Amino acid sequence: MQAVEIYLMFALVALLIGLSKGGLGGPVPVSLTAPLLSLVIPVSQAVGTVVPLLIFADLFALYFYWQRWDLHYIRLMLPAAVVGVVLGTTLLATLPNEILRDVIGIITILAVAYRLASSRLRSIRYEPRAWHGIFAGWASGFGSSLANVGAPPFTAYMLLQPNMQPIPFIGTATLFFAVLNALKVPGFIATGTLDIQLLLEIAFVIPIIPFGVWLGRYIVIRMSPALFERIMVAALFIMGIWLVIT
C-alpha cells in the first residue's frame, strides 16, 4: 500500500474523530476509524495507532463537559471495563489479521443494528439492575479495545436509565471513554499494537482533529444531524459487509 494512501486515510480518520467530538453523528464517525484504517494497514495497527488521536480529541470533549458527568455510573462500569480492555487487547494482539477483519466487520454490523434500534430503547419498560451496568462496562471495554467500538453497550445502558438528561449523559460518556482510552495505552504499547513509529509518521494529522471539532459544531447548527448520521450508518454497514466478505 502506498504511503500517501495511508496518510490520506489517517487524515480522514482524524477528521471523523473531530466531527464526532464536535457533536456530529455521536459515536458513529469514531466507529468508522478501525474499518477504514484496516483497509490500508493491519487491523491491530489500525486499532492501536488511532488511540492517541482519540485521547487528543478527548481533551477537547473533557473541556466542554468538565464535571458534567455522573460518577455513579463511572464507578459502576469502569472496573468491569478494565477487564474488558485486558481481554480485548489480548485478542487484538494474538488473533490473525484475517480473523480480526471478520471480527471487526461483524462488530461494525452489530453497531449498525444497535443504532437502528436505539431510538426504541427509551420506550422499553425497564427495571434497572446493577449487573446491567457491570456487563455494559465490560462490553464497552472489550469493544473499545478490540475495535474502538465501545459506545453501543454503554449508550444502550445509559439510554435505559430513568430521567437521564442529555448533558449528564454526554458528560458521563466523555469521562468514561477518556479514561478507557488512556487505560488502553499501556497494554497496546506492551503488545506492540500501538506502533510508535507509525504514530510519529502520521502525527501531522493531529491539527485536523480540532478543525474537525469546529467543523462538526458548525455543521450541527446548519445541517440536520439526523441526515449526517444516516450517511455514517450507511457507510458503516457497507464497510462491515466489505470486511466480512473480503
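Of the 246 residues of the protein chain, 51% count as buried (under 20% relative accessible area; exposed means over 50%, and partly exposed lies in between, with a 1.4 Å probe and protein chains only). The model is predicted, so local features need pLDDT of at least 70 and side-chain atom pairs count only at pLDDT 80 or more, while totals for chains, interfaces and linings use all residues. Residues are numbered from 1 along each chain as its sequence is written, and side-chain values use heavy atoms, with hydrogens and water left out.

The protein chain holds twelve helices and zero strands. Helices (H or I, at least four residues) and strands (E, at least two) are DSSP runs, numbered from the N terminus. From that terminus on, the order of elements is α-α-α-α-α-α-α-α-α-α-α-α.

The buried residues of α8 are Ala151, Pro152, Phe154, Thr155, Ala156, Tyr157, Met158 and Leu159.

Rolling a probe the size of a water molecule over the atoms shows where empty space is left. On a 1 Å grid over the protein atoms alone, a pocket is an open set of points where a 1.4 Å probe fits, with protein on both sides within 12 Å along at least five of seven lines; a cavity is a set from which the probe cannot get out, and lining residues have an atom within 4 Å of a point. The second largest pocket contains about 220 Å³ of space. Grid points are joined across faces, edges and corners, and the volume is the space filled by probe spheres set on the points.

Eleven residues line the second largest pocket. Nearest its centre lie Ile107, Leu110, Val149, Pro152 and Pro153. Helix α6 gives the most to this lining, with five residues. By class, the lining has ten nonpolar, one polar and no charged residues. Here Ala, Val, Leu, Ile, Met, Phe, Trp, Tyr, Cys and Pro count as nonpolar, Asp, Glu, Lys and Arg as charged, and the others, Gly among them, as polar.

A nonpolar patch of about 850 Å² is made by Leu39, Ile106, Leu110, Phe237, Ile238, Ile241, Trp242, Val244 and Ile245. Patches are made of residues with over 30% relative accessible area and no salt bridge; like charges are joined within 9 Å, and nonpolar side chains (Val, Leu, Ile, Met, Phe, Trp, Tyr) within 5 Å. A salt bridge is a side-chain nitrogen of Lys or Arg within 4 Å of a carboxyl oxygen of Asp or Glu. Areas come from the Shrake-Rupley method with a 1.4 Å probe; for residues, only the protein chains shown count as cover. Helices α6 and α12 (225-245) each supply at least two residues of the patch. The largest share, six residues, comes from α12.

Ile106 lies in helix α6 and is partly exposed, at 46% relative accessibility. Ile106 and Phe237 are 131 residues apart in sequence and 9.7 Å apart in space, C-alpha to C-alpha. Asp102 is also found in helix α6, and counts as partly exposed at 30%. Ile245 belongs to helix α12. Its relative accessible area is 61%, so Ile245 is exposed.

Helix α5 (71-94) holds Leu91. Leu91 is partly exposed, with a relative accessible area of 27%. Leu91 and Ser145, 54 residues apart in sequence, lie 9.3 Å apart from C-alpha to C-alpha. Thr191 lies in helix α9 (residues 166-191) and is partly exposed at 40%. The C-alpha atoms of Thr191 and Thr90 are 8.1 Å apart, across 101 residues of chain.

Most residues other than glycine have a negative phi. Gln67 has a positive phi, near 60°. Gln67 sits in the loop between α4 (43-64) and α5. At 61% relative accessibility, Gln67 is exposed.
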